[in-house]
Structures are given as C-alpha cells and as structure tokens.
Amino acid sequence: MDSQEPSVAPLTCGPSHPGPPEGARLTSGTPGGSRRKDWSCSLIVASLVGAFGSSFLYGYNLSVVNAPTPYIKAFYNESWERRHGHPIDPDTLTLLWSVTVSIFAIGGLVGTLMVKLIGKFLGRKYTLLVNNGFAICAALLMACSLQAGAFEMLIFGRFIMGVDGGVALSALPMYLSEISPKEIRGSLGQVTAIFICIGVFTGQVLGLPELLGKESTWPYLFGMNAVPAVVQLVSLPFLPESPRYLLLEKHNQVGAKQAFQTFLGKEDVSQEMEEVLAERRVQRNIRLVSVLELLRSPFVRWQVVTVVLTMACYQLCGLNVIWFYTNSIFGKAGIPPEKIPYITLSTGGIEILAAVFSGLVIERLGRKPLLIGGFGLMTLFFGILTITLTLQDHAHWIPYLSIVCILAIIASFCSGPGGIPFILTGEVFQQSQRPAAFIIAGTVNWLSNFAVGLLFPFIQKSLGTYCFLVFAAICLTGAVYFYFILPETKNRTHAEISQAFAKRNKAYPPEEKIDLAVADAKMMGKPEPDSSSTLDNSVKNEIV
C-alpha cells in the first residue's frame, strides 16, 4: 500500500493485509498484458449478460423489421379485408407500416422517462431485471399476432419493445459505468455498442429466406426477443448491485465493499472505496437531482450541452439513412437482387469489427480522439459519397466506389461515435445527477431517431443525392465541438472529470471548492483548511 494511504487501512480485510501489489493498480500507460488484471470474471459476465439482454435487443429490433416487410404488409391487408370486406387502401397501409416502424422510437422515449422512477427504488441491476418483463411480453404479443389475426398486437408489441430499449439504453450504461474501474471504464462501456452491432447483424442473418425470413415463419423473428431476456433474467440475479449505488444512494458500505470485491476480483478495495467516499464527502446530503434542476444548474451547463449535442449527432449523423441507399447502390454495381441480402450482411460485419476495434483502443487513444476522428471521417466520406452518387451513371466503376464509401462511413461511426455517447453520459455527471442526465440523453436520442425517420423522406425528395451534405454538416459540427470543448475523460475519476468541466463552467459547487482547497493544500505541503463543515463525523470515523 502506498505511504499516503494509512487513513483507509481499516477498510481492508485485516490489519496486516499488505494490499495489492504495485502492478495491480494500473495507469493508462500500463502495457496491455498487466491490464488484464482489471478484467475479473464477474465483471466480464456482468457486461456480457447485461448487454445481451439489453443493447443486443435494441440493435436486433432496428433490423428485424426489414426482411419480413412484404409479408407483414400482406398480413395487414388480409386482416383488414377479413374485417371490412375490402382490401386496405394503399395510403392506409403505408400509414400502418410507418406507425409499426416509428412507434419503436415512441416507446423508447417512454422507457427513458421511466428510468429515474424505477431506478430510484430498484437500483441499476433490478431495473434491468424488471425490464425483461417488457421484452417477454412484447415477444409473445408479436409472435402470436399472425395466429390471432390482429395486426394491433404487432404494433403494440413494437411499442413495448421500444419501452424496453429506452430503459435498457439508460440503465445498462449506468450499471457498467459504476461497476468498472476507471482504467477500463471506456472498454467496458463499449460493450453496449458492440452488442448493438451484434443485434443488428443477428436480425439480418435470421431474416434470410433460408432461416426465419419466410411468410410462414416471420412471427418467430419477433418471438426471438424473449431469448436474450430470459437469459438475462436467470443470470443477472447472481451478480451484485452497483457498488456506487449501494454506497452513495443506499448508504450500504458493507454491501458496496462486497460488490467491489466481487467485480474487481480482489480483497483489498480500499482505494476504490476511498474514491467513492471522497465523492460522498463532496456531495454530503446526496439527493437525486431532477431534470429541471439539472438543466438550470450553472455547475453542469457544459456537461448538459455536451451530452445533448453528442446524442443528437449520434442519431442525426445519417447512418440510419445509409440503409435507404444500400440496395440501390448494390444493384447499380451489378449485384443480382436475390444476392443483395447476403451482400448486406457485410455491412453488419463491418459494424461489429469496428465496434470491437474501438473497445480495444479506447483506453489507449481516449474518447476525444475517437469521437473527433469518427465524425471527421464520416464528414469526408459523406462528401465523397455525394459525388459518386451524382456521377454513378458516368462510369461502371463508380458504384463500387460508392460501396466503399458506405462501408467506410459505417466503420467510422462504429469506431467511435457509435458507443462513446453512452459512455460519456455516465462519466461526466456525478452520482446524484446521473439518472436525470440519462433521461435528457435518452430523450434527445429517441426524439432525434423519430425526427430522422419522419423528415428524411422529405429531405431526400427535395435534395436527392445531395441530402448527404446535410449529414456531413452535422458530423463536422460535432467534430469541431468535441475538439474545442470536450475534455478527455480517459482514466479519470468522476470527481476529476467534474472538476475539468467546472473550469469551463466557471462555477464550482460550494462543497467542491472546499474539497479542491484541501487537495491544493496537500499538494503544496501546507496545513489543510478546516473541512469540518463539509465532512460529516460518520465518514471521518470510517476512514480517518
């Protein structure tokens, strides 16, 4: 144990416990071999099980509706004709199909708004467990809709799956952020994005005609939503709750210590406990902040702006629009129509590889370079794609260049912007602010998703192939903002990140000013200022 750590010795297992060896407390510059010590079995299982039952389902439901589109429309027409005695009007059919696709985003918004209320009473882990009920109910509704002859069941099931996605994309990043050491917080958080990509790819594969993409089996595509939910439901109860939640919100120090020991795979967790207790000293009377209070607070102004802009760029950068052009570009390149679904699988594979690459390098390069590089490259390739789509009839090789641009845009997105927004939201806010921050981030995320689906047909009709210049401008705006505003959060504690933003906000909470004064006095070797007004006696007795 370092010479500066005698004050936290009572938190170890025994008075003679020597503490972890020097290599066990890693810094960002530690070689990759020793970094593996941070990855305990429990941490890996928690991230995989949590992501499989949460972000995987979000990605799966983004792509699963594509393959059975003609069969679902035929089902709508048959149900309508059976009820009303005449075929459905084409405009009504288009409206029903649009509602079926877009209601997923409306459900996501509802789920996001529910997270704070559920999480306040249940915590991170049990919020994820309860959320599986939404997925199972939705899967049963959608899988039985064809036999029941009720297309309303399919639409309502999509809405409930949206609720599941809204809860999952807020609760899961919070859980992963709070259980991971700061040295691998980015890599562990990137698991969310990796499983979104795997979910998209799985939806594409299962939608092939040889598997479940047939007229007789398409309901089973939607019934598959129950499988990841059941896996998480039977696995996650054996893992601990978030130690930060237990200590800061439930004041359960014993449970928090045990949770840290389980997730970190070591007995001596005194350093981690002290970091969280330091945050508790800064936020003595911790209380969950409301969304309105967070928006009004001058102490987190730039954090809120950063999260809002990051989530807006995440959805408005144009990646979802790429799929609109994929089939036509592949067709122009001479690929037979019956082969296009198989070629499209390459885009899902690129997504997974790029997301895995990001997870491997995020703790070496940092969040900021990956965001700037990702959005910058997307700006470049959107510009090239606009040119190639405009000139694609002038030479036979130009459509192939368009395919390269599409794959490059997907890779650029998934290598940074595809997962880091969820990580940043968990990093740049303190414990009491985090649930409200995820509500804001989720609201922007789902409203932007809905806006793209609603407005893109009009943008495409007005601008044609030049519509990609709109998305290039959005990506460029994001890259410039992150270059000038965003501080690097790699390998920093939540308190250090808050202090970095406080310099830009030009406003420090009163408690944080005193805490900074204590830290400065220690560094200068001067007597510490009296901090008794900010450090309650119970905490003093625990760690001093």
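User: Thanks! Leaving aside its neighbours within four places in sequence, what is Phe 222 in contact with?
Analyst: Phe 222 touches Val 64, Val 65, Pro 68, Ile 72, Ala 139, Met 142, Leu 154 and Arg 158, where contact means heavy atoms within 4.5 Å. This is a predicted model, where local features need pLDDT of at least 70 and side-chain atom pairs count only at pLDDT 80 or more, while totals for chains, interfaces and linings use all residues. Residues are numbered from 1 along each chain as its sequence is written, and side-chain values use heavy atoms, leaving out hydrogens and water.

User: How many residues are in the largest nonpolar core?
Analyst: That core has 112 residues, and Phe 222 is among those with the most contacts inside it. A nonpolar core is a set of buried Ala, Val, Leu, Ile, Met, Phe, Trp, Tyr and Cys residues joined through side-chain atoms within 4.5 Å.

User: Switching topic: is Ser 42 buried or exposed?
Analyst: Buried, at a relative accessible area of 19%; buried means under 20%, exposed over 50%, and partly exposed in between, using a 1.4 Å probe and protein chains only.

User: And which residues does Ser 42 contact, leaving aside its neighbours within four places in sequence?
Analyst: Ser 42 meets Leu 239, Thr 262 and Phe 263. Ser 42 itself sits in helix 2 (residues 41–52); helices are DSSP runs of H or I, at least four residues, numbered from the N terminus.

Key. Helices (H or I, at least four residues) and strands (E, at least two) are DSSP runs, numbered from the N terminus.
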